[in-house]
Amino acid sequence: MTGDRRALVLGGGGVTGVAWEIGLLYGLAEHGLDLTGADLFVGTSAGSVVAAQVTTGNPLEHMYAAQRAAATGEIAARIGVGFYLRFAVAGLWPGDRRQARARIGRAALRARTAATEAERRAVIARRIETDEWPDQRLLIPAVAAESGETKVFDKDSGVSLVDAVAASCAVPLVWPPMTVNGTRYVDGGVRSVANVDLAKGHERVVVIAPMSRSARRAGRPDAQAAALGPGVRSVVVGPDAAAVTAIGPNALDPGRRAPAAEAGRAQAAAAVARIREVWT
């Protein structure tokens, strides 16, 4: 290992998570800390949207402005109590973790959703504005709905970038499982809210995680970061109190996108020192 391999891990968190992550990255850049030159990006669900935009050359200033634009014509959805209860039960279910993921995936296959696969793919295509994988290494996890197996997409997987991101963003019971090469996938957050362990082998790891809760400690971003190995310098950043208020109770509410982005930008001032200590 070279001692300067750096990974940026961007976790899941709905449309408000996308906005908060972009706001934080933009704010950090304003304070002189640009994380977009990472050797590796790991993007889960909302984080896959942000990672795809960043690595394909979308300027942070443009991304931030887009988050502050009026939320018009977007399909609104809600993550309710039943969603969290089902995840909690699956997370605590004894035995094989793959089987627990499959329980959620099969429930998603049966669920009535607020959009079709084609509609969701179109939404993702508009968000990331390209279908070509970047030169920077980008890992995007998703979960096979029927089997519970984890699939980590990259530019060598033989799938389009839009399909990979759409699969990782397929929130079960809310959005439809997405078909990629004949297999239907649900959100990469079903495996882990940030999948920090995919950054193993990098010495400096910054984790930006809109959501940090997990029924199992091993699935939490801080626990996964701590388990990366000796000598790894890492930091996990989640929303501060002001950002939590700005984001609100429903991570899929496009009306909270602008305040979430603004809260992320404001939070950067307090977070920049500890992130810089790891990154530079």
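# Close-up views of a predicted model

**View 1. Asparagine 195 is located in the loop that runs between strands S6 and S7.** The structure is a predicted model, in which local features need pLDDT of at least 70 and side-chain atom pairs count only at pLDDT 80 or more, while totals for chains, interfaces and linings use all residues. Residues are numbered from 1 along each chain as its sequence is written, and side-chain values use heavy atoms, with hydrogens and water left out. Helices (H or I, at least four residues) and strands (E, at least two) are DSSP runs, numbered from the N terminus. Asparagine 195 adopts a positive phi of about 55° although it is not a glycine. Most residues other than glycine have a negative phi. With a relative accessibility of 0%, asparagine 195 counts as buried; the term buried denotes under 20% relative accessible area, exposed over 50%, and partly exposed the range in between (1.4 Å probe, protein chains only).

**View 2. Leucine 173 occupies the loop between helix H7 and strand S5 (178–180).** Leucine 173 is a residue other than glycine with a positive phi, near 75°. Its relative accessible area is 24%, so leucine 173 is classed as partly exposed.

**View 3. Helix H2 (residues 46–55) is mostly covered, with ten of its ten residues buried.** The buried residues of H2 include Val49, Val50 and Val54. Just after H2, glycine 57 takes a positive phi of about 90°.

**View 4. Helix H10 (residues 257–279) spans only 28 Å between its end C-alpha atoms.** A straight helix of 23 residues would span 33 Å at 1.5 Å a residue, where the expected span is 1.5 Å times one less than the number of residues. H10 bends by about 60° at alanine 271; the bend at a residue is the angle between axes fitted to the seven residues ending there and the seven starting there.

**View 5. Arginine 265 and glutamate 30 join through their side chains in a salt bridge (2.6 Å, N to O).** The pair connects distant parts of the chain, with arginine 265 in helix H10 and glutamate 30 in helix H1 (residues 14–30), 235 residues apart. A salt bridge is a side-chain nitrogen of Lys or Arg within 4 Å of a carboxyl oxygen of Asp or Glu, and a search of the whole structure finds seven. Arginine 265 is partly exposed, at 30% relative accessibility, as is glutamate 30, with a relative accessible area of 42%.

**View 6. Glutamate 117 and arginine 184 form a salt bridge at 3.4 Å, N to O.** The partners lie in distant parts of the chain, 67 residues apart: glutamate 117 belongs to helix H6 (residues 117–128) and arginine 184 to strand S6 (residues 183–186). Relative accessible area is 24% for glutamate 117, which is partly exposed, and 30% for arginine 184, which is also partly exposed.

**View 7. A salt bridge brings together the side chains of arginine 121 and aspartate 163 (2.7 Å, N to O).** This pair links helix H6, which holds arginine 121, to helix H7 (residues 161–168), which holds aspartate 163, across 42 residues of chain. Arginine 121 is partly exposed, with a relative accessible area of 29%. Through salt bridges that share partners, Arg121, Asp131 and Asp163 are joined into one network.

**View 8. Arginine 204, in strand S7 (residues 204–208), is buried yet has no salt bridge.** Glutamate 203, the nearest side chain of opposite charge, is 6.7 Å away; Lys and Arg count as positive and Asp and Glu as negative, whereas His and the chain ends are not counted. The side chain of arginine 204 instead reaches the backbone oxygen of tryptophan 279 at 3.1 Å.

**View 9. Glutamate 21 lies in helix H1.** The relative accessible area of glutamate 21 is 0%, so this residue is buried. Its C-alpha atom is separated by 8.0 Å from that of alanine 209, 188 residues apart along the chain.

View 10. Over residues 12–17 the chain is 67% helix and 0% strand, and the end C-alpha atoms are 7 Å apart.

Conventions. Polar contact = N/O pair within 3.5 Å; in protein donor to acceptor, adjacent residues only side chain to side chain.
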